[in-house]
Amino acid sequence: VAEQLIRKALHPYADDLVVATKAGLTRQGPDVWTPGGRPAYLRQQAELSLRNHGVERIDLMQLHRVDPDV
């Protein structure tokens, strides 16, 4: 939801604006967050962020937390 709100407020983005986002956690319920570090999941989240922001490139993709199972 945050990415969509940012796009609504700022798109089209200024040339010098750095688009940053994050991935790597899944939410199972209120206050329940679990690391999700599988490559396929992270790629899916990157592609979703591209679509949500309406851009061809994400300047900075941050990993929330290392997944100890990966």
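Biologist: Which residues does Asp67 touch, not counting residues up to four places away in sequence?

Modeller: In this predicted model, Asp67 touches Pro35, Gly36, Gly37 and Arg38. Asp67 itself is placed in the segment after β4 (60-63).

Biologist: Why is Asp67 not assigned a salt bridge, and which side chain of opposite charge is nearest?

Modeller: The nearest side chain of opposite charge is that of Arg38, 5.6 Å away. A salt bridge requires a side-chain nitrogen of Lys or Arg within 4 Å of a carboxyl oxygen of Asp or Glu. Asp67 therefore has no salt bridge, although Asp67 is buried.

Biologist: What polar atom of the backbone lies 2.9 Å from the side chain of Asp67?

Modeller: The backbone nitrogen of Gly37 lies at that distance from a polar atom of the Asp67 side chain. For a polar contact the pair of N or O atoms must be within 3.5 Å, and the value for this pair is 2.9 Å.

Biologist: Is Asn52 buried or exposed, and how do you know?

Modeller: Asn52 has a relative accessible area of 15%. Buried means under 20%, so Asn52 is called buried. Its place is in helix α2 (residues 39-53).

Biologist: What makes the approach of the side chains of Asn52 and Gln4 a polar contact?

Modeller: The distance given for the two side chains is 3.3 Å, and the cut-off is within 3.5 Å. The pair therefore counts as a polar contact. Not counting residues up to four places away in sequence, Asn52 touches Glu3, Gln4 and Arg7.

Biologist: How many salt bridges does a search of the whole structure find?

Modeller: The search finds 2 salt bridges. One of them joins Arg43 to Glu47, with the closest N and O atoms 2.9 Å apart. Arg57 forms a salt bridge with Asp59, where the closest N and O atoms are also 2.9 Å apart. The cut-off is within 4 Å.

Biologist: Where do Arg43 and Glu47 lie?

Modeller: Both are in helix α2, 4 residues apart, which is about one turn of the helix.

Biologist: Why is Arg43 called exposed, and what class is given to Glu47?

Modeller: Exposed means over 50% relative accessible area. Arg43 is at 58% and therefore counts as exposed. Glu47, at 38%, is partly exposed, because that class covers values between under 20% and over 50%.

Biologist: What classes do Arg57 and Asp59 receive?

Modeller: Arg57 is exposed, with a relative accessible area of 59%. Asp59 has a value of 33% and is partly exposed.

Biologist: Why are strands β2 and β3 said to pair, and in which sense?

Modeller: Pairing requires at least two bridges between the strands. Strand β2 (residues 25-29) and strand β3 (residues 32-35) have 4 bridges, so they pair, and the sense is antiparallel. Gly29 has Val32 as its bridge partner in β3, while Leu25 stands opposite Pro35 in β3.

Biologist: What lies between β2 and β3?

Modeller: The two strands form a hairpin with 2 residues between them. Asp31, in the turn, has a positive phi of about 60°, although Asp31 is not a glycine.

Biologist: Is Asp31 buried or exposed?

Modeller: Its relative accessible area is 74%. The threshold for exposed is over 50%, so Asp31 is exposed.

Biologist: Which peptide bond is cis, and what is its omega?

Modeller: The bond from His11 to Pro12 is cis, its omega being near 0°. Pro12 is found in the loop between α1 (2-10) and β1 (20-23).

Biologist: In what order do the elements of the protein chain run?

Modeller: From the N terminus on, the order is α-β-β-β-α-β, comprising 2 helices and 4 strands. Of the 70 residues in the protein chain, 23% are buried.

Biologist: What feature does UniProt place at residues 2-69?

Modeller: The unreviewed UniProt entry gives "domain: NADP-dependent oxidoreductase" there. Over residues 2-69 the chain is 35% helix and 25% strand, with the end C-alpha atoms 27 Å apart.

Methods
Residues numbered from 1 in each chain as written. Predicted model: local features only at pLDDT ≥ 70, side-chain atom pairs only at ≥ 80, totals over all residues. Heavy atoms only, no water. Buried < 20%, exposed > 50% of the residue type's maximum accessible area, 1.4 Å probe, protein only. Lys, Arg positive; Asp, Glu negative; His and termini not counted. Polar contact = N/O pair within 3.5 Å; in protein donor to acceptor, adjacent residues only side chain to side chain. Contact = heavy atoms within 4.5 Å. UniProt positions renumbered as here; feature names shortened; annotations may be inferred.
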